[in-house]
Amino acid sequence: PAGRAAPLVSSLALPKGSPGTEQEEDVVRQTTPRPSAGSTGTLASSSPAAAAATAALGSTGAETLGLPPEGPSFWELFAAMTSHRATESQLRWVAEHGALFTFPSPLPAIVPDFVGVGDPAVAVQLLEVLTQNNAPGAPFSSRTNGFAAASLLATGLSVTNAMGEEWRWRKAALEPEFQHLRLLCEERCLFEAVAEASDELLRRLDRAAASGEPVEVELVCTRFAVQIMLHFLFGRLLPFDEHELRRCAKQSMRFLFWTLANPPPLRVWGWRHMRSLRRGNEEAHRVFAKLLEPEVARMFKEAEGTLAPPPDRMPGSAIANLLASEPKFRAGGVAALASEARVFLVGGFETTAHALAFAFGTLAEARNAHLTDRLSAVARAALGPRTAAQGPPGGRGGGAGASPAAPWFARPTRGAVSASPEVGASFLEV
């Protein structure tokens, strides 16, 4: 509302001395952050809060750092997070306390201070510019040891829970896989895979519309989101059960959140529930390992030249690129790279499926018919006419076996999307 961003509430350890040490109790609470000699000062002047945060953090973390002014109590934060009122509470807190504020610890040296961040520029500065996740000399870490340990149990070792140098090399290897030009690389056919999944989704919805059959839209979206993630990871599709994947992803997330939200004494008190969650997480590990590890093992052999790629594998997949570019992934073995693939798969399909399902549900309401028309007009203007041309190389989709009711976008669309930032802006406007 009114252009305000809800704050990202996270646990910030701002210790004196080297980041990542057990010195959170040494944090000095101040009403205004104190500039340090190593301040980077790289934020736009339009964000005083961001400039103040930058000055407080500095570039070395070598002196005691201040926290923002005190805001709501820790118990207000706890009540909001445990009663599903977090969003409305965050909006109210920003209105009452501004863009940066501290939830003071009720038990110093046991419970950390929490900081609410309602300024996007501060979030960018902390999470992109300054964070090094406990690498030597880093001024700020977006990850606590507790989070890393809980995430390790839930997903296995990956960039989401690695620390220090382990995090650094994994991030450096993975980041190029999300660059715009690599995602649109023609030989990879990821763009065509999205178009193919979209056409299949349209056929599914058309059949439902003709028959009057209800659609469990989140499950349908889950299927197509998983297809895209598997193509991104492996360059081809694998057989999977979307019901099973959804269930297992939720079991892992429940285990992760319970572990993060409850310190060890509460886990002992709720040991029956914790045992049930642990069993669910172990089952999820087995299901994802069964899906991912054989394919990762095959790609290890393909990278070594001892096994030919299957005919349906498109070149340039994320796993193939990681094996080619980072020797440490090869040294870590199949299980190490499979856990990275698992994080991508779970993080990719759930978020995408939820967003698409919500969008479809919103557009399906009669009162929003005008939005559907506008979105259709923007899509046609941005992407051009659809054709019944050949699909991607390798015989997948489109081509001779394609249904004329589900034609492909013309091949020049790839260049239009790559060269036209205004395309995305038009969709966001709608």
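The structure described here is a predicted model.

**Helix α9**
- Most of α9 is covered, since 14 of its 18 residues are buried.
- Directly after α9 comes G235, whose phi is positive, at about 75°.

**The nonpolar cores**
- The largest nonpolar core has 39 residues, and F234 and L345 are the ones that touch the most other members.
- At least two residues of this core come from each of α6, α9, α10 (242-261), α12 (271-304), α13 and α14.
- When neighbours within four places in sequence are set aside, the contacts of L345 are V226, M229, L230, L233, F288, L291 and L292.
- Another core, of nine residues, lies apart from the largest one, and its members include L100, V115, V117 and V122.

**Strands β2 and β3**
- Strand β2 (residues 100-103) pairs with β3 in the antiparallel sense, and four bridges join them.
- Within this pairing, F101 is positioned opposite G116 of β3.
- Strand β3 (residues 114-117) directs F114 and G116 one way and V115 and V117 the other way, and all of these residues are buried.

- The buried residues in helix α6 (residues 164-174) are G164, W167, W169, R170, A173 and L174.
- Among the elements that cover these buried residues are α13 (318-325) and α14 (327-364).
- N161 is located in the loop that lies between α5 (145-155) and α6.
- The relative accessible area of N161 is 5%; because buried means under 20%, N161 counts as buried.
- The side chain of N161 reaches the backbone nitrogen of S158, at 3.1 Å.
- Apart from neighbours within four places in sequence, N161 is in contact with R143, A148, S151, L152, T155 and G156.

**Cysteines**
- Zero disulfides are found when the whole structure is searched.
- C221 has a relative accessibility of 1% and therefore counts as buried.
- C248 is likewise buried, and its relative accessible area is 0%.

Methods: Residues are numbered from 1 along each chain as its sequence is written. This is a predicted model: local features need pLDDT of at least 70, side-chain atom pairs count only at pLDDT 80 or more; totals for chains, interfaces and linings use all residues. Side-chain values use heavy atoms; hydrogens and water are left out. Buried means under 20% relative accessible area, exposed over 50%, partly exposed in between (1.4 Å probe, protein chains only). Contact means heavy atoms within 4.5 Å. A polar contact is a pair of N or O atoms within 3.5 Å; within protein, one must be able to donate a hydrogen and the other to accept it, and residues adjacent in sequence count only if both atoms are side-chain atoms. A disulfide is a pair of cysteine sulfur atoms within 2.5 Å. Two strands pair if DSSP finds at least two bridges between them. A nonpolar core is a set of buried Ala, Val, Leu, Ile, Met, Phe, Trp, Tyr and Cys residues joined through side-chain atoms within 4.5 Å.
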